[in-house]
Amino acid sequence: MTLLTTVADLRTARRRRQLLVVAGMVLVVLAAGTGALLVGAAGLTPGQAVAGVVGLGEPGDVFVVQRLRLPRIEAAVVVGAAFGLAGALFQSTLRNPLASPDILGISTGASLGAVTGMLVLGLSGVALSATAFTGAGVVALAIWLLAWRKGLHSIRFVLVGVGLAYLCSSLIAWSMARSQEHEAAAVLTWTVGSVSDIRGEQLTLVAAGALVLCVAVAALARTQGPLSLGDDNARALGVHVDAARVGTLLLAVALVALATSASGPVAFVALVAPAIARRLVNDGGAALTASAVTGAALTLLADVVGQHAVLGVPAPVGVVTGLVGAPYLLWLLATTEKRSR
Amino acid sequence: MLTSPAAAPAARREGAQAVAHRARRRALAVLVALAALVLVVLASLALGVRDIAPAEVWRALTAPVDGLMDHDVVLDQRLPRTVVGLVAGIALGCAGTVIQGVTRNPIADPGLLGLNSGASLAVVCAVWLFGITSPIGYVWFAFLGAAAAAAIVFSVGRGQPVRLALVGAAVTALITPLITLVLLRDQQAFNLYRFWSVGSLTGRGLDTVAWLWPFAVVGVVLAAVLAHRLTMLALGDDVATALGQRVGTTRALASVAIVLLAGTATSLAGPIALVGLVVPHAARRLVGTDYRWIMGIGALLGPVMLLTADVLGRLVLPRSELEAGVVAALLGAPVLVAVARGRTVAGA
C-alpha cells in the first residue's frame, strides 16, 4: 500500500515538473512574443499593439502588427517547435544526444533542393518550399539506404549523413559562384535559416502540417519511454521496436523537412532544445512536449536577438542559433568524453 | 610455425617470398602512381575548352612565341593551374595521411575536421577588416584560421576517432554563422568568398605558389619524417610508447605538419573537401599499412586526384567549366560512403 502511494506520488511529482517546465517555456514564448510585437522600427504602445492584433486602431499599426510582426513571431514559434520536437524524436530513437538534422545532412539536402528551386526553376514561396521538402526527403532516403547494412547502425548513419552533407554543400557553393550577386545573397540567407519571409498561405500550410505531424507523434509517443530503455526491454514491454523506430524516424524527418522547407535550416535548434528540455524535466524520458516548447522559445528569442542587430547587423535567426548551439555541442562533446573515461 | 625445427626453413622461405611479393607490389604501385601523375599533368596541359595540338603545347613550353593565342593559353592558364594542382594535391594527400594516422580515424580529412572553415573565416575577415584581396595577403590569415580550428578540434576530440568527425562538424557549424555575419556586412568579402569557397585551381597564379612552396616543402618533409612514427602509433598509444616513441611529440609535430600542409592547400585552391580523405584510403589499398609507403603514394595520388578533377571539370560542360572542388566532392563522396559502410568503422 505504501509502495503504491509512493509510485503514485512520484508520478504526480513528475507530471507536475513536466507541466512546470512546459508552462515556464510558454511564458518565455509569450514574453519574447510581446517584446517582438512592441519593439521595432515603428514603436508601438501596448494599447496600439493589442488594438492591432484584434484588427482595430490605426491602419498603419494594424499593417505593422498583422502583416509584419505577428507572422514572423508565429513562424518562429511553429518552426522552432517542429525542430525541437524532431530533435527529441531523433535523439530518443537513435539513443544519441548528438543526432540532429544539422549533422545528419538532412538540412543540407533541403538547402540543395531549395537552391535548385531558386536558381534553376526560379521558384519562390510555397513552390520553393516544396523543392526544399523534396531535397530533404531524397537525402534522408539516401542516408537510410546507404547506412542500412544488417540494421541501422547509428554511427554509420551519422557518417553517411556527414558525407552527403559535404556533397550537397559543395554543390551549393558551386551554384552560388555561378549565380548573380543578388541571387547568391538570397541563397546565403536561405541556407542560414530565416523566419522573416514566412507569411500568409505558406504560414498556414506549415502550421497545419506541423499540427498533423504533432498529432501523429502523440499517437506514437507512448512507445518512446520504453524505447529509451533499450530494444530488449522495450520488446519485453510489448512495443514493436522496429515499427516504432521506423515510424518515429519518418515523423521526425517529415517535421524537419516541413520546418526547413519554410525557414531554411535553422542551425542547432533540433540539437539544443531537446537537451535543455531533458535537463529541465529530468525524468529520463524523451520530454517531447517540453522539447517542442523549448524549441519555440529558443527560436523566437534568437530571432528577436538577430532582428534587432545585437550582433552589429540584422542577422537571420540561423546565425544566432548557430552561434549559441555550436559551442553547446562542443561542450557536450568535451564533457561526454570525460565521463566515458 | 616454429614448433618443429624442420619447419623453420620452409617458414622462413615463405616469409621471404611474402616480403619479396610485397616489395614488388609496392614498387609497382609507385610506378603506376608516377605514370598516372605524368599522364594527368600532360592532360592538364593539353586538354581544355580550346583545342590545342600536343605538338603546339610542347612548342609553347620549349620555345614560346609572344602573342600567339595558343601559347598564351598554355603558359598563362594551363601551366599555372597545373602547378597549383600539383602543389595543393601533394599537400592535401600528405595532410590527409597525417591526419588519418595521428587520429587513427579513417574518416578524417582537413575539410571534415573544420580546418577549411577556419581558413575561410580568416580569409573573409582579412577582406572585411583590412581590405586584403590578394592571395599573397590572405594566405597568412588562412594559416592562422586553419591553426586555430585545428587547435580546437584536436583538444576537444582527443583520441576518439568517431568523435573527431563530429567535433569537426561542430567547429564548422560554429564558424559558418560567423562567416555569414561577415558576408552580410561586407559585399566585397561576399563576392570573393563565393568564388573562393568552391575550391578551384584557377584564380591563384604562380606568384602565390612562389610564396607558398616553402610551407609545403617543410610540411612534406615533416610528414615524411613522421611517417614511421605514425605506423607505430597505429598500434595504439601504449604500444607506440613501449616502442620508445614520445606520443605527445608525434602529435605536436603532426599538428604542425597538418596546419602547414592544409594551410598551403587551402590558400592555393580554396577549401577542397574529400581529396585528403580519399587519397590515403586508395594508398592503403595499394601498399598496406606502412605509413612511409602510404605517405609516398599519397603524395603522388593527391595531385593525380585533384588534377583529374580539374581536367574532368574542363571537359564535362560545353563552353563552361566545373570547378575542381565540385568534381573532387563528386568523386570523393561515394568513397566516403563506402568507407562508412565498411567493417572497420562500425568497430571503431
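Biologist: How far apart do the end C-alpha atoms of residues 249-273 of chain A lie?
Modeller: This is a predicted model, in which local features need pLDDT of at least 70, side-chain atom pairs count only at pLDDT 80 or more, and totals for chains, interfaces and linings use all residues. Residues are numbered from 1 along each chain as its sequence is written, and chains are lettered from A and ligands numbered from 1 in the order in which they are written. The span 249-273 of chain A is 80% helix and 0% strand, helices being DSSP runs of H or I with at least four residues and strands runs of E with at least two, numbered from the N terminus. Its end C-alpha atoms are separated by 18 Å.

Biologist: Which annotation from UniProt covers residues 249-273 of chain A?
Modeller: The unreviewed UniProt entry lists several spans of chain A, including 73-91 and 249-273. Positions follow the numbering used here, feature names are shortened, and annotations may be inferred rather than shown by experiment. The annotation given in the record is "transmembrane region".

Biologist: What distance separates the end C-alpha atoms of residues 73-91 of chain A?
Modeller: Over residues 73-91 of chain A, the chain is 100% helix and 0% strand. The end C-alpha atoms of this span are separated by 27 Å.

Biologist: Why does chain A agree with a compact globule in its radius of gyration?
Modeller: Chain A comprises 15 helices and zero strands. The radius is taken over C-alpha atoms, and the globule rule is 2.2 Å times the number of residues to the power 0.38. For 341 residues the rule gives a radius near 20 Å, and chain A agrees because its value is 21 Å.

Biologist: Is G318(A) buried or exposed?
Modeller: G318(A) belongs to helix α15 of chain A. A residue is buried if 20 or more other C-beta atoms, placed from the backbone, lie within 10 Å of its own, exposed if 12 or fewer, and partly exposed in between. Because 32 other C-beta atoms lie within 10 Å, G318(A) is buried.

Biologist: Which residue of chain B does G318(A) touch?
Modeller: Contact requires C-beta atoms, placed from the backbone, within 7 Å. Not counting residues up to four places away in sequence, G318(A) touches residues of chain A, among them V192(A), G264(A) and P265(A). From chain B, G318(A) touches P177(B).

Biologist: Which element gives the largest share of the side of chain A that touches chain B?
Modeller: In total, 41 residues of chain A are in contact with 40 residues of chain B. Two or more residues on the chain A side come from each of α4 (101-104), α7 (154-178), α8 (181-192) and α15 (317-340) of chain A. The largest share, 15 residues, comes from α7(A).

Biologist: Which residues of chain A does A170(B) touch?
Modeller: A170(B) is one of the residues that touch the most other members of the largest nonpolar core, which has 228 residues. Such a core is a set of buried Ala, Val, Leu, Ile, Met, Phe, Trp, Tyr and Cys residues joined through C-beta atoms within 7 Å. Not counting residues up to four places away in sequence, A170(B) touches A326(A), L329(A), L330(A) and L333(A).

Biologist: Which helix of chain B has the lowest mean pLDDT?
Modeller: The predictor's confidence in each residue, pLDDT, runs from 0 to 100. Chain B averages 84, and 94% of its residues score at least 70. Among the elements of chain B, the lowest mean pLDDT, 44, belongs to helix α14 (residues 343-347) of chain B.

Note on methods
Two residues are in contact if their C-beta atoms, placed from the backbone, lie within 7 Å.
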